[in-house]
Amino acid sequence: MVKNLPVVPTAKAGSLVETPTGITWRIQYPEILANCNICLECTLFCPDGAIVQQEGKLVLTLKLCKGCGICANECEENAIQMIPEYSGVKGVFR
Amino acid sequence: MAISIADLSKEELFGQGHAGCGGCGAAVAGRQAMKALGSRTIITIPASCMATLGGSNLKTTWQIPFYHTLFEMAPAVSSGIRAALEAQGIEDVNVVSWAGDAGTADIGFQSLTGAAERNEHMIHVCYDNEMYMNTGGQTGSQTPMYAITSNMSKGKAVKKKNMLAIMQAHEIDYVASASIAYPLDLIAKFKKAAEKPGFSYIHILAPCHRGWQIPAEKTIEYARLAVESGLFELYEVDEGVRNRTFEPTFIPVADYLTTQGRFKHLTSEQVVKLQKSINVYYGRGGDEE
Amino acid sequence: MSTTLLTGSEAAAYGARLARIEVLAYYPITPAFPAMERVSKFIDDGELNTRFVRVESDHSALAAALGASLAGSRTFTVTNSQGLLYMTEVVYHTAGLRQPVVMAVANRALSAPHSRFPEQGDAISQGASGWIQLFCENNQEVLDNMLQAFKIAETIRLPVMVNYEGYIQSHTLEEVEIPDEEKIDQFLPLNRVRTLDVEHPQGVNTVASPEFYMDYKFRQNEAMEQALTVINNVASDYAKEFGRDWSGLIEAYQMDDAEHVIVAMGSMVSDARIVVDELRKAGRKVGLVKVRAWRPFPVEALREALKNVQLITVCDKNIVYGLGGALGTEVKSALYGQSIRLNSYILGLGGRDVTTEEIKKVLELSEKTEQQAITSEWFGL
């Protein structure tokens with residue numbers, strides 16, 4: 001069966017947001033600690049838009065995060081900690 | 001007027017769910033730029049990581065019109081898009097071509113210089129990771145001297161072509177360098193460029209941790225070290241007036257270079273020579289040593 | 001409606017003007033350039049509201065035209081020979097993106113050795129590109145085909161090349177009837193499709209995996225097959241409206257009882273028509289099949305037109321090295337399974353003159369050739 005495709009090869013805007021790439025690559029994830037002073041810098045350094053600002057707060061969407069660790073590396077307050085995804089022999093995928 | 005992060009647009013127009021590597025510097029550049037450009041933007045991206053990570057098959061991360069063009073033609077395509085918008089009376093749309101260092105300085109240079117000479121109402125962005133990363137990291141004209149790449153295991157023997165100077169020579173409306181480690185500086189430059197009636201060129205240093213052989217989490221850090229060492233100057237040429245937009249603290253250039261895998265073979269003589277040339281450039285008395 | 005003397009280039013320019021193109025993108029090349037100069041003059045004189053993108057290369061010319069088309073504007077470009085080959089990458093790409101760009105091609109021979117003279121080799125080289133290709137017999141047809149090209153392109157969402165030969169057509173004055181603007185506006189309303197649109201954003205040309213690529217290509221080819229019908233319909237609609245019938249994919253001329261038939265395309269058709277008339281007067285049962293649509297190739301139409309003939313002589317102004325003339329090869333392939341004598345000739349390469357005398361000699365030679373040629377014979381060396 002030939003697929004029913006758009007005439008011009010196109011993709012629906014923003015459609016990857018719902019089915020993000022790379023979540024299975026992640027071996028560590030960030031956790032925002034209580035000493036975060038909401039400077040918001042990490043929102044501009046995250047390559048994946050996983051940490052964004054909403055109403056003056058930081059919102060972390062883990063399903064968008066590839067676990068690169070830039071946010072933790074850049075945070076001047078040391079308020080982001082990277083935590084390994086796997087613990088023990090079976091591991092846990094969040 | 002200083003911009004604050006809190007005041008930036010909350011719209012996420014690019015990057016969420018993208019198919020690039022974790023810690024991708026190009027994606028950071030795209031996210032920062034879109035904070036300035038906004039949703040009324042049409043972007044063309046030639047063959048590159050940035051085009052590939054934008055989506056595949058029926059899915060894309062872009063929330064604005066995005067067109068993955070052939071390698072050497074994004075500025076020409078954008079010229080045509082602008083002509084069509086004008087013909088249809090559509091205003092207030094930013095037309096942007098966004099290419100890597102190959103699509104800008106090498107295979108894409110002909111269409112870029114053409115569009116710049118015509119002073120097309122558009123912005124061309126070079127996201128520069130200093131090698132051809134989408135094909136596995138080969139040497140190009142934007143690869144710095146000595147850097148090891150996948151096709152030059154002994155390092156590049158000649159210098160990096162100065163694209164900013166070349167674009168400045170076109171006497172276009174606006175030329176600027178930017179680094180993903182200085183997002184507010186980058187965003188301010190995009191906002192300026194978007195206001196120009198003619199051609200703007202923005203050259204962003206966007207490290208690729210795979211090509212540079214650095215840890216993924218240090219992508220931003222190296223973009224900062226390049227600037228702080230003075231090796232990559234942040235400046236703009238706004239309608240002919242040149243202005244440095246950030247004064248570096250002049251950390252030793254060795255701090256930037258020798259910890260990168262691609263430069264690990266540098267001799268101390270080569271590092272000293274590079275440090276001297278930086279000193280001379282900034283008038284810091286490098287000649288005497 | 002008015003009649004005036006126009007070169008082929010001017011006829012193409014008038015076609016673009018009547019089509020009210022919104023964007024022209026172009027890089028000068030000989031002999032195509034006068035068409036663009038004429039359109040630029042229309043723009044400068046305020047007779048045409050068109051944006052001219054003065055690009056720095058042929059590659060960028062089609063790239064800019066493509067960009068404008070994706071943004072929803074009716075667009076046009078002109079080129080030939082080296083320019084067409086230089087933009088080849090974008091030629092294929094434009095077809096894959098299903099954009100209704102129209103391109104006039106003033107056919108010229110390809111280097112090396114360097115030549116500035118007429119030949120169809122440039123268009124033939126693009127035969128696998130996914131563009132519809134129409135060949136014009138005279139300057140009137142150049143103008144009429146330009147208008148039909150936009151109609152076909154926007155109906156089926158495929159790009160169209162309008163081929164006319166350099167100098168023989170591009171620089172030669174002929175009487176051309178220019179249709180009324182109002183009637184053209186009715187015939188050719190702009191069917192605007194914005195693929196790149198800030199109001200309805202989407203990602204264009206995202207990477208296709210093996211799971212998708214082949215399906216897209218199937219659909220693209222399906223559109224090409226549909227073009228076989230669309231080209232005929234548009235030609236007959238045009239004939240009804242403007243009184244000139246270019247008869248769609250092919251034209252069968254003096255074919256009712258024809259025994260020996262010439263098959264040709266482009267400027268040689270007008271010479272062949274004269275030869276057929278002369279030989280008919282002398283009582284010879286000769287006919288002519290003009291191939292107007294080179295892509296999609298009209299296999300069924302040709303099989304039908306040629307089914308009762310005894311000898312076919314194909315004239316090609318091109319050479320596919322190691323194979324022969326492209327039209328001869330395609331006609332042979334179209335007639336697979338039918339045992340009709342067919343001889344194929346290559347003539348007129350790089351501007352070598354082809355007059356009615358040459359065509360007559362080719363016909364005589366063909367009649368004397370009992371053994372069907374495996375590849376094409378060269379004539380006029």
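Modeller: Helices here are DSSP runs of H or I with at least four residues, and strands are runs of E with at least two, numbered from the N terminus. The model is predicted, so local features need pLDDT of at least 70 and side-chain atom pairs count only at 80 or more, while totals for chains, interfaces and linings use all residues. Residues are numbered from 1 along each chain as its sequence is written, and chains are lettered from A and ligands numbered from 1 in the order in which they are written.

Helix 11 of chain B runs over residues 268-281, which is 14 residues. From its first C-alpha to its last it reaches 20 Å, close to the 20 Å expected (1.5 Å times one less than the number of residues). Just after this helix, Gly283(B) has a positive phi of about 65°.

Now the pair. In chain C, helix 1 (residues 8-18) and helix 2 (residues 33-44) have axes that come within 8 Å and cross at roughly 40°. Axes are lines fitted to C-alpha atoms, for helices over the stretch in contact, with angles from 0 to 180 degrees between N-to-C directions. The contact (C-beta atoms, placed from the backbone, within 7 Å) includes Ala12(C) and Ala16(C) of helix 1 of chain C, and Val39(C) and Phe42(C) of helix 2 of chain C.

Technical notes. Two residues are in contact if their C-beta atoms, placed from the backbone, lie within 7 Å.
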